[in-house]
Each structure stands twice: as structure tokens, then as C-alpha cells.
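Please read these points with the model open beside you. They go region by region.

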Amino acid sequence: MTRIVVVGNGMAGARLVSEIRARDRYVGLTVFGAEESQPYNRVLLSNVVAGTMPPDQVRLLDPAWYADHSVTALPGVEVTAVDRENRAVLTATGRREPYDVLVLATGSEAVVPPVPGADRAVAFRTMDDCRRILRAAGAARHAVVIGGGLLGVEAARGLAGRGLPVTLLHLAGHLMDRQLDAEAGLVLGQTLGGLGVRTRTGVVVEEILDGGVRLAGDETVEADLVVLACGVRPVTGLAREAGLEVARGIVVDDEMRTDDPSIFAIGECAEHRGRVYGLVAPAWEQAAVVADIVTGADKAARYRGSRLVTRLKARSVELAAMGETHLTEDDAEVVRFSHRAAGTYRKLVIRDGRLVGVILLGETSAVGNLTQLFDRGGPLPGDRAGLLFPGLQGNVVAESPVRMPDAAKVCQCNDVTKGQIRACWESGARDVTAVAAATRATTGCGGCRDAVEGIVGWLCEQEGVSA
């Protein structure tokens, strides 16, 4: 019997284990997790901070699942070394676990800036970090979040939603500078301002004090809770010490194999074709490829890279960004609309008649159609304004997910189409919970939930059934 060992029981590792069991009920399967908690959806931790989801609601797999599926799960057991010669992993507890196939899903860790007093702050990365933040928030009068990327914006909005005044500090000139252009960053900052988050961009943090954060120029921002959201870096130490090729991440090929044929790597620790992905959809796509290969379900399976769609998960802030959003009129056709007072910004980036970049901030009813066009890379209709404003006369693209063709992708994280949701409904899944259980739609970033609810509701209306 083939012995498969997975190191890492986060979103990538837990997904891989479930994908393997869906293909092979008998292969030996052991998974180690450095965290003591059961695997959880890290993408939804900002909802835990905001109080809109309890911790139990973001859990991925529980202990009963492992027992029912004959998986040996060892949470809180850290793997400290890989013995490649004898094909075994060693743990901090002295356990030696042999393997025929080893998969590294060690994820990433929070970046802590090298400034004095950094130990006074709380990094925002794990469930334990969430608990620390919530304990501190209960007694805090003012919070500072350092880092205005996706995670920092979500953390700041979550804390503000609890009634805590928040200042968001960002080194770059505008928020979410990796995904957004300057105008979109400005509109986002104004939207957050109306929700209780004061934004400061272009600032340099020099020290974290007991009562605040000192900036360059000796200005101090008052705070008795400081949260770090300064990015993440791949956890590659185990691979590096084992002699595997490591660049920014653990280098893998299209099979997700390292330079040792018996060892694979997936998720945020893996570097594929020079790129490390920090979103859930690529990790789950990679997990499916590895599961196909190691179980023999599809030995021709290959990972070719992912087209990324970023959805902001912050209450009262609708934001989606995808592709090459920073291209200018010198490089591509750019169609944009901005209404700062309404908190609305929309931008299309078109090259060679294809949609290569999108920013939607504010009301995002067009996101399903644009995601479909972006994902397929097909030719666009001549009416560009109709793409940004689906209700306009002459728009030839479906104006809502309900009216999309069955091939349209609704859940980007889990690669679920409108047709799969329809088929699931026709098989008896008559509410979103049942559809999610059957297809996994809504269980990633959660950004597709409204679309799934709309499709299920529409199908129920056609048949006169209560959703």
C-alpha cells in the first residue's frame, strides 16, 4: 500500500487530503499540522475578527471526518526534518513516519517588520492571532493596523465594525497597491473612512510603542492595539534543509513535483514557473493535480498556473480585482468610471480585444460576467460601457449570474460553474447549504455566495419551491 505523508494541515493540506480520499479510499494517508487546531479557512479569519462568523463556522474538516475516512491526523505535531535517503519525516516529538510520497504544504508566515517594539504588536495570520486580537480589542480604545494590503484592509474594517476607532497605515502611496491603481486606492480609502477607518498612506513606521506607533518625522499615532498585516513569506526551511531547490518558494514543475520525484509541494510554500500564489483557488487547483497524480486517477494531470481573482471580504465594502490592473493607455485599451462620492470605481483593461484586467469597487453586479470573460479570454462585445453597466441598452453579456450560460464559472475558488449548480439543484439540493455540500461553492473566499443564492433562488422560483 502506498504511504502518503502530508506536512501541513492548513487550507492546501486539508484540501489535498480530501481530494486524495475522493479518488482512493485505501491509500495510506497521514497528515501533520503545526497548529493544534483543526484545519480552518484562513481566508475568512477577517470575518471572525469582525464578529460576523464564530470560529467554528470557518472550520474545514473536523476529527470525525478523519476517523471516518481512515486518515491519521496529527495536529500540533511539527515536522522538523525530512530524511530523503530513507524516505521518512521526523517530528519534534521524536516520531519517525516513513513515506512513499511526501507532499509539503507548509504555507506561509506573517512578515514582521524589523522595527523596535514589533513584539508589542499582534500579527494577523492564524486563528490564535485572531483570539489575541479579539482579547485585546475588548479593552482597547484605539487600534492601528500596519499594512494596507488585502489582509490589512479586512482587519481594519473588522475592528472598526466592532466600534473601535482604527487607523490604517500603509507604506505605499495607495491602499492595496498590488491589486488596485491609484484612483481605486483613493476611492477605497474614502469608503473605509465612512466606516470608521482612518487611512494614512505613504508613511514609514519607525517604532511600536506601548501607547502607539511612531512614524518617520517623530509623529506618534495613538494606539493600545497594534495589528501587523505586512504580508507573508513562504515557509521553506524544511525543504531547504532537506536539500530541495528553493527560490522564493519551493520550486516545483507542472506536476507540482520538487527536484526529488517523491516529494511534491503545493499552496503558498510552492513556486511554480517563478510565481508564488497567495490565494486559495490556486492552492486548491494544485491539490487536485497532485491528488490525480499520486492516486493514479489521472497521471496526465498538470498545473498550468492560475488566473487570479481577488475579492475583498469586508462588510459594506464590495471589491473585486483581477489580472493586469496596472496597465495604462500606453499598453492597452482602458475603460474606466469613477464616482468618488458614491464610493464607485470601475475599470476594464483590454488588450488585443481580450479582457486582461478588471477593478470593480462599489456595487459589483457586473463581476460574474466580467470574471467569465476574463477567465475564458474570449473576444469582447463592442459596447464597452455595457460591460461596466450591465443594465445599459445594447449589453450582450448576461446581466446577472442567473442568466449566465451553464459553462460560466460562478465559484472561482472551487471551479464551480452555473451548470453544476443547476445540476446539483435538479438532483435535490434546494438551498445554498446543500449546494455548498455537494459542489463546495461558497466554501473558499465566500465572494460567490450572493451569486449562488441568486441562482438557487431563481431555480426555486421557476419550480414554485421555497429555497
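1. A residue is buried under 20% relative accessible area, exposed over 50%, and partly exposed in between, using a 1.4 Å probe and protein chains only. This is a predicted model, where local features need pLDDT of at least 70, side-chain atom pairs count only at pLDDT 80 or more, and totals for chains, interfaces and linings use all residues. Residues are numbered from 1 along each chain as its sequence is written, and side-chain values use heavy atoms, with hydrogens and water left out.

2. Start with V289. This residue sits in helix 8; helices (H or I, at least four residues) and strands (E, at least two) are DSSP runs, numbered from the N terminus. Is V289 buried or exposed? V289 has 9% relative accessibility, so it counts as buried. Leaving out residues up to four places away in sequence, V289 touches D254, E255, A301, R302 and Y303; contact means heavy atoms within 4.5 Å. S18 lies 271 residues away along the chain, and the two C-alpha atoms are separated by 13 Å.

3. Next, the packing of helix 8. Two packed helices are described by the angle between their axes and the distance between the axes. Helix 8 (residues 280-295) packs with helix 1 (residues 11-23) at about 35°, and the axes are 8 Å apart. Axes are lines fitted to C-alpha atoms, for helices over the stretch in contact, and angles run from 0 to 180 degrees between N-to-C directions. The crossing of helix 1 and helix 8 is right-handed. A crossing is right-handed if the near helix is turned clockwise from the far one by less than a right angle, and left-handed if anticlockwise.

4. Which residues of helix 1 and helix 8 meet? Helix 1 brings M11, A12, R15, L16, E19, I20 and R23. Helix 8 brings V280, A283, W284, A287, A288, V290, A291, D292, V294 and T295. By class, this contact has 12 nonpolar, one polar and four charged residues. Ala, Val, Leu, Ile, Met, Phe, Trp, Tyr, Cys and Pro count as nonpolar, Asp, Glu, Lys and Arg as charged, and the others, Gly among them, as polar.

5. The axes of helix 11 (residues 418-426) and helix 12 (residues 432-439) come within 10 Å and cross at roughly 115°. Helix 11 is therefore roughly perpendicular to helix 12. Angles of 65 to 115 degrees count as roughly perpendicular, under 35 as roughly parallel, over 145 as roughly antiparallel, and the rest as oblique. The crossing of helix 11 and helix 12 is right-handed. Q420, I421 and C424 of helix 11 make the contact with A434, V435, A438 and T439 of helix 12. These residues divide into five nonpolar, two polar and no charged.

6. Stay with helix 11. Its buried residues are K418, G419, I421, C424 and W425. G428 follows helix 11 and has a positive phi, near 120°.

7. Two residues other than glycine also deserve a look. D415 has a positive phi, near 55°. D415 lies in the loop between strand 26 (409-411) and strand 27 (416-417). With a relative accessible area of 43%, D415 is partly exposed. R440 has a positive phi near 75°. R440 is in the loop between helix 12 and helix 13 (449-463). R440 is at 28% relative accessibility, so it counts as partly exposed.

8. Then D383. This residue lies in the loop between helix 9 (367-376) and helix 10 (384-388). D383 is partly exposed, at 27% relative accessibility. A polar atom of the D383 side chain lies 3.5 Å from the backbone nitrogen of A385.

9. H142 is in the loop between helix 4 (127-139) and strand 10 (143-146). At 18% relative accessibility, H142 counts as buried. Beyond residues up to four places away in sequence, H142 touches residues including L164, P165, E222 and D224. A92 lies in the loop between strand 5 (88-91) and strand 6 (96-98). A92 has a relative accessible area of 56%, so it is exposed. With residues up to four places away not counted, A92 touches E78 and T80. The C-alpha atoms of A92 and V79 are separated by 6.3 Å.

Note on methods: Polar contact = N/O pair within 3.5 Å; in protein donor to acceptor, adjacent residues only side chain to side chain.
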